[in-house]
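Hi everyone, thanks for coming. Let me put a structure up on the screen, and then we'll walk through it together.

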Amino acid sequence: MKIKGLRWWIIGLVCLATVINYIDRSALAIMWPDISQDLGMDKTDYSYILNTFLVAYAIGQTISGKMFDKIGTRFGFVVSITVWGIATSLHAFARSVFSLGIFRVLLGLGEAGNWPGAVKNNAEWFPSKERALAQGIFNSGAALGSIVAPPLIAIVWVAIGWKMTFALLGLLGLIWVIPWLIINKATPDKHPWITDKEKEYIISGLQKNEESKSKEGKSLKQILSYKESWAVLASRFFIEPIWWLFVGWMPIYLADVYGFNVKEIGFFAWVPYVGAAIGSLAGGYFSGQLMIKGASIDKARKKTILTGCIIMFVGLIATILYGNTPEKFVGIVAFVLFGFQFVISNVQTIPSDLFSGKSVGSLAGLGGTVGIFSVIIMNFLVPVITEKYSYTPIFIMIAVFVPLGYLSINYFAKEIKQVD
């Protein structure tokens with residue numbers, strides 16, 4: 001049996017895994033008003049729990065990157081999604097900050113694998129000119145999950161309460177494993193269902209030194225000896241908090257500023273992620289079209305990243321100046337997250353532009369770790385600053401991060417190309 005366009009089926013499943021990933025991680029923030037009342041917790045407790053998840057998620061990115069390089073994308077995804085599915089269900093048994101924190105650690109370790117795994121998967125299944133689009137499709141899963149999660153969770157919460165909602169959501173990932181193992185049997189060069197035409201197209205689209213992959217990947221020390229690797233780390237340090245501020249704090253912001261309950265959060269919080277989903281696809285398509293028209297990988301990536309950074313910066317300033325109603329606020333945030341996803345689908349592709357084989361997942365995972373540690377710092381600041389002032393200083397801070405993220409790429413990577 002042969003399947004035309006098998007690579008699109010593969011990336012479709014990775015996108016679906018990402019949808020599940022974001023439904024599972026969003027549940028806590030969306031149901032927090034109810035959970036905090038039941039368990040006697042406040043916003044400071046929430047920041048601790050959120051950062052507990054993020055510390056595990058940050059460490060898990062580097063561990064998962066190495067795991068995916070060692071055991072491959074097929075079984076790497078099985079391990080990751082099984083761990084986070086079980087962890088999600090265990091949230092139903094939370095009784096305190098401590099127990100909830102333990103379950104968030106397990107969730108963070110499991111969910112972390114989704115990102116380095118996707119970058120490695122795309123390096124295996126897509127030629128260079130299609131990788132940013134593939135990354136955009138994968139990243140759109142984060143946006144789609146964030147669109148689906150608020151109304152879905154609100155509806156289920158009304159019917160069965162927060163404990164059973166967690167138990168039910170945990171099953172989604174375990175069900176996903178079945179089609180993944182059936183369809184993703186092997187890499188393109190060995191898959192029995194791939195057509196000869198598609199196999200040749202993928203292989204011919206690899207950069208020269210990607211064609212012969214070494215048995216062992218580079219160590220992290222070797223990877224970091226290349227200045228270009230730091231472009232990934234620095235840019236993710238500055239850019240990552242923009243996404244996570246809205247993922248982690250927007251439901252709390254809506255509750256704090258506008259007095260929203262769980263149901264109202266559920267029917268407002270999904271709107272910005274429509275912009276994010278469109279931005280994911282648009283950013284990948286834009287850079288791919290530039291390459292098709294003759295632009296180098298370097299020019300295509302940097303032009304796309306600059307365009308998205310301008311959109312983000314303008315949107316964040318507008319959030320401060322004009323976001324004085326819930327309708328205006330979520331509309332402007334949709335614009336910001338469009339710009340973020342326009343950028344990040346290309347930033348996350350850079351590891352496969354620089355390295356090949358068993359080094360791609362390692363750099364992608366390390367980049368994720370650095371980005372999340374930046375988010376952790378931000379999360380400690382949010383409750384302190386908002387209690388004393390407002391959310392405005394936080395919006396100003398991440399607006400400043402945008403040009404720093406773009407400049408760091410240009411400083412460390414004079415030219416984005418294969419370096420090993």
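I'll talk about the nonpolar core and then some aromatic rings.

First, the ground rules. This is a predicted model, where local features need pLDDT of at least 70, side-chain atom pairs count only at pLDDT 80 or more, and totals for chains, interfaces and linings use all residues. Residues are numbered from 1 along each chain as its sequence is written, and side-chain values use heavy atoms, with hydrogens and water left out.

Let's start inside. The largest nonpolar core has 123 residues. By nonpolar core I mean buried Ala, Val, Leu, Ile, Met, Phe, Trp, Tyr and Cys residues joined through side-chain atoms within 4.5 Å; buried is under 20% relative accessible area, exposed over 50%, and partly exposed in between, using a 1.4 Å probe and protein chains only. Helix 1, residues 6-39, gives the most to this core, with 19 residues. Helices here are DSSP runs of H or I, at least four residues, numbered from the N terminus.

Which residues have the most contacts inside that core? They are Trp243, Phe246 and Tyr273.

Now, the rings. The whole structure holds 31 aromatic pairs, meaning rings of Phe, Tyr and Trp (its six-membered ring) with centres within 6.5 Å; planes under 30 degrees apart are stacked, over 60 edge-to-face, the rest tilted. Tyr57 and Trp115 have ring centres 6.4 Å apart and planes at 70 degrees, so they are edge-to-face. Tyr57 sits in helix 2 and Trp115 in helix 4, 58 residues apart. Tyr57 is buried at 3%, and Trp115 is buried at 7%.

Definitions and conventions: Helices (H or I, at least four residues) and strands (E, at least two) are DSSP runs, numbered from the N terminus.
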